[in-house]
Structures are given as structure tokens and as C-alpha cells.
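Dear colleague,

Please find the structure below, together with its sequence. My notes on cavities and helix packing follow it.

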Amino acid sequence: MSTSSRRRSLAALLAATVLSIGASAAGAAEDAVVIPPPAVDEAAGAGTETAIFAGGCFWGVQGVFQHVKGVKSAVSGYAGGEAKTAQYETVSSGSTGHAESVEVRFDPKEVSYGKLLQIFFSVAHNPTQLNFQGPDRGTQYRSVLFVADPEQRKVAERYIDQLDKAHVFARPIVTKVSETTGFYPAEAYHQDFLTLNPTYPYIVYNDLPKIENLKSLFPADYRSQPVLVRKAKG
């Protein structure tokens, strides 16, 4: 049984406990990597910006960005495919073109796009893994930056080039930079999953270490109270 199918519903989540522990014991949790900030970044503009990040299971990526100062919302969802296939059961097949993604709305006067990229590459996922993250396998877990405009593309591409030339990772970065063609929020039970399920084994072994790494490596950008989807809607 794949990791995707083990996470299809809340009932399946409970049934997956033993399998999740086994996957985590095999070293599923990723170590953080200390990396330099981007040499090229966006200028702080007025209002809020939106950026979409895909890097494995959206539970952990969402959880990381929800703890970053300046982030106004972080919503789990799907990007890269069509609206008609943006459902968890279908995306989990790996044949839709979608990647599990997180749409981040942020105030560029408080946190820049470049800083979000630094956090994404350092603690949110491993950008050298092609079509997988930890125990999760498939193109739906690929590493992608869905950019909103030419400025985001420039910052993202130059930062990837900067990190590769500096050899801060043991292997080349495989993260793709793609145009945003649509973002589709995931089902309600996926939202705020890390915060609402802190003792679930997958979260304990794969995602809570990311929050601790964020707090340790980016103390000035860390906030203890996450910005939650359900609170924002309320």
C-alpha cells in the first residue's frame, strides 16, 4: 500500500499508524541544511503577495509556513493539473500533473519571497529528491515553485543557480520553476493537519522536526502560534 493511499481519509490515517512508524524509523525525516540567503530578492511592495510551493506531502510544508512571521495564510492544495482532477483520491494516482502544494499569502514588508525560498529549501523539504520526499513516492510529491510573475521567476531561478554553484547540497537541486496555472484548495480534513494532529506518527517523525528546525535556524522569522486556515475563515 502506498503512502498516498494510506492517507486517503481520516479513518485510513488511524489504520496507517504501524506503517508510518516503520517508514519513519527507516529515516524518513529530512535533516535541515544551513544555506545562505538569496543574492537576488524582490523589493518589498505594497499589499500582499501569493506564492505556491510544492515539496512533498503538503501537511509539513503548510505547517512550516504557518509558523513564519509575515505569512497571512498557508493553504494546502493542488497545482500543476486541471480543476477537474484536483481531488485527493485522483491526485494520489500520480497521473494528473498535480503536485501537493501550499499557497502562501504573505506581506513582503515583513517577509520577502527570497526568505520564503530560503526556508523552503532549508527546512521544509529536500530539493534534491526527484519525485519523492521521505517515505512518499510519486510525481505528486515533486519539488516545484509555481511562480506568479516574472519577478518571482527571476528570484527563484537565480537562487537555485546560486545554491547549486555553492554546492550547499550533496546533490544538484531538482526543483522546477513553473508558471502558476491554477491552485485548488485541498479537502477540509487536510487543512491545518500538522497543528490538529501533533501525535499522529507521520507528523511526529516527518514533520514536527521541520518546525523545530525552523525555530532553530530562523529564530527571527519563527512565530510560535501558527496562522491556521480555519481561524482565517472564522
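The second largest cavity of this predicted model holds about 30 Å³ of space. A search of the whole structure finds two cavities of 30 Å³ or more. Here a cavity is a set of points, on a 1 Å grid over the protein atoms alone, where a 1.4 Å probe fits but cannot get out, and lining residues have an atom within 4 Å of a point. Grid points are joined across faces, edges and corners, and a volume is the space filled by probe spheres set on the points.

As to the source, the model is predicted, so that local features need pLDDT of at least 70 and side-chain atom pairs count only at pLDDT 80 or more, while totals for chains, interfaces and linings use all residues. Residues are numbered from 1 along each chain as its sequence is written, and side-chain values use heavy atoms, with hydrogens and water left out.

The second largest cavity is lined by Glu30, Asp31, Ala32, Ser122, Val123, Ala124, His125 and Lys210. This lining comprises three nonpolar, two polar and three charged residues (nonpolar: Ala, Val, Leu, Ile, Met, Phe, Trp, Tyr, Cys and Pro; charged: Asp, Glu, Lys and Arg; polar: the others, Gly among them). Helix H6 (residues 113–124) gives the most to the lining, with three residues; helices are DSSP runs (H or I, at least four residues), numbered from the N terminus.

H6 also packs against helix H9 (residues 201–217), at an angle of about 125° and with the axes 10 Å apart. Axes are lines fitted to C-alpha atoms over the stretch in contact, and angles run from 0 to 180 degrees between N-to-C directions. H6 is therefore oblique to H9 (under 35 degrees counts as roughly parallel, over 145 as roughly antiparallel, 65 to 115 as roughly perpendicular and the rest as oblique). Ile119, Ser122, Val123 and Ala124 of H6 make the contact with Lys210, Asn213, Leu214 and Leu217 of H9, contact meaning heavy atoms within 4.5 Å. Five of these residues are nonpolar, two polar and one charged.

H9 has a further partner in helix H4 (residues 58–66): their axes come within 9 Å and cross at roughly 25°. H4 and H9 are therefore roughly parallel to each other. Trp59, Gly60, Gly63 and Val64 of H4 touch Tyr202, Ile203, Asp207, Lys210, Ile211 and Leu214 of H9. That contact divides into six nonpolar, two polar and two charged residues.

Finally, H6 packs on helix H7 (residues 150–166) at about 45°, with the axes 10 Å apart, which means that H6 is oblique to H7. Tyr113, Gly114, Leu117, Gln118 and Phe121 in H6 meet Gln152, Val155, Ala156, Tyr159, Ile160 and Leu163 in H7. This contact has eight nonpolar, three polar and no charged residues.

Yours sincerely

How values were computed. 1 Å grid on protein atoms, 1.4 Å probe; cavity = no way out; pocket = protein on both sides within 12 Å on 5 of 7 lines; lining within 4 Å. Helix = DSSP H or I, 4+ residues; strand = E, 2+ residues; numbered from the N terminus.
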